[in-house]
Amino acid sequence: MKLKSVTGKTPLALDDDDARVRGRVETGKALAKATDEEVDRISDLQRVFYADARHALLIVLQGRDAAGKDGTVRHVFSAVNPQGCSVTSFKVPTDLEKSHDFLWRIHQAVPARGMFGIFNRSHYEDVLVPRVHEWISRAECERRYREIVEFERMLSAQGTVILKFMLHISADEQKRRLNERLTNPKKNWKFRAGDLDDRERWDAFTEAYRDALRETSTKDAPWFVVPADDKKVRNWLIAKTIAERLDTLDLRYPEADPSIKGIEIV
């Protein structure tokens, strides 16, 4: 099984059933082994990716509250060298950020060539949330879709490889995870009252995600919907997708500087 990118022909109901894997996948030790292999593959590819320095990698993680964005970062990138990777979480814009265009703060966090960059929530927050809360008009929403597509096209043209993952969980699974945050002292700090406000707007967020994915999934920056009720399957699918994309880049170590040839170390 592998994730397929969203296209105009992709059915996007985003129902609860879509949060669970359809078809046969490995389980138990076999799934853990398969995930470890993909994680190690990413680690090996990162070494040459960093040395090659012709590309940057931008991973966008979006999803409802408790969808597993933090867990994805923790597991999928567990073997990555921290020196070649950055993680950025975009929260409510500051007054300074609000005084600029909505992509201003995003562009500053885009990874340099040779680097992996992970957005834990992203520029899509500035379309999804304002739309659901009706802070922007539908016309403004459509304009932001177009600006995002052009922004991502520009990044791609400059060597940034973009992969976008929408972590899709069911209402029941979100309820279970939010209750765990309430009852587990080690997870209390993750809970915020606003999570429940957004949960009450479940259908509105579903519609907003459906439109955003369709409007902004392109060849340059494809969206993948990840069935995320099962955390272990989620991690395997994302790791496999990233490793396979990196494998297509014809990565190579740079040629040695001619000036070092013939040098003898005594």
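## Thr72 and helix 2

A polar atom of the Thr72 side chain lies 2.9 Å from the backbone oxygen of Gly68. This distance, like every other value here, comes from a predicted model. Thr72 is located in helix 2, which spans residues 69-76. Its relative accessible area is 0%, so Thr72 is buried, the cut-off being under 20%. Leaving aside residues up to four places away in sequence, Thr72 touches Leu61, Phe77, Leu167, Arg234, Asn235 and Ile238.

Thr72 is one of the buried residues of helix 2, together with Lys69, Gly71, Val73 and Val76. What do the buried residues of helix 2 pack against? Their partners are helix 1, helix 10 (231-247) and strands 1, 2, 3 and 4, with strand 4 covering 160-168.

Five strands form an open sheet in the order 2-3-1-4-5, and the pairing is parallel. Strand 2 (85-89) and strand 5 (223-227) are the edge strands, each pairing on one side only. From one strand to the next the twist averages 20 degrees. Strands of a sheet pair through backbone hydrogen bonds, either parallel or antiparallel.

Strand 1 (residues 56-63) and strand 3 (residues 116-120) run parallel and are joined by five bridges. In this pair, Leu57 stands opposite Phe116 of strand 3. Helix 1 (residues 28-52) packs on the sheet, where it touches strand 1, strand 2 and strand 3. The direction of helix 1 makes about 125 degrees with that of strand 3.

Is strand 5 largely enclosed or open? Five of its five residues are buried, so strand 5 is largely enclosed by the rest of the structure. In a regular strand the side chains alternate between the two faces of the sheet. Both faces of strand 5 are covered, with Trp223, Val225 and Pro227 buried on one side and Phe224 and Val226 buried on the other. Strand 5 is thus an edge strand in its pairing, yet has cover on both faces.

## Cysteines

How many disulfides does the model contain? The count is zero. Cys85 has a relative accessible area of 18%, so it is buried under the 20% cut-off. Cys141 is buried as well, at 1% relative accessibility.

Definitions and conventions:
Residues are numbered from 1 along each chain as its sequence is written. This is a predicted model: local features need pLDDT of at least 70, side-chain atom pairs count only at pLDDT 80 or more; totals for chains, interfaces and linings use all residues. Side-chain values use heavy atoms; hydrogens and water are left out. Two strands pair if DSSP finds at least two bridges between them. Helices (H or I, at least four residues) and strands (E, at least two) are DSSP runs, numbered from the N terminus. Axes are lines fitted to C-alpha atoms, for helices over the stretch in contact, and angles run from 0 to 180 degrees between N-to-C directions. Contact means heavy atoms within 4.5 Å. Buried means under 20% relative accessible area, exposed over 50%, partly exposed in between (1.4 Å probe, protein chains only). A polar contact is a pair of N or O atoms within 3.5 Å; within protein, one must be able to donate a hydrogen and the other to accept it, and residues adjacent in sequence count only if both atoms are side-chain atoms. A disulfide is a pair of cysteine sulfur atoms within 2.5 Å.
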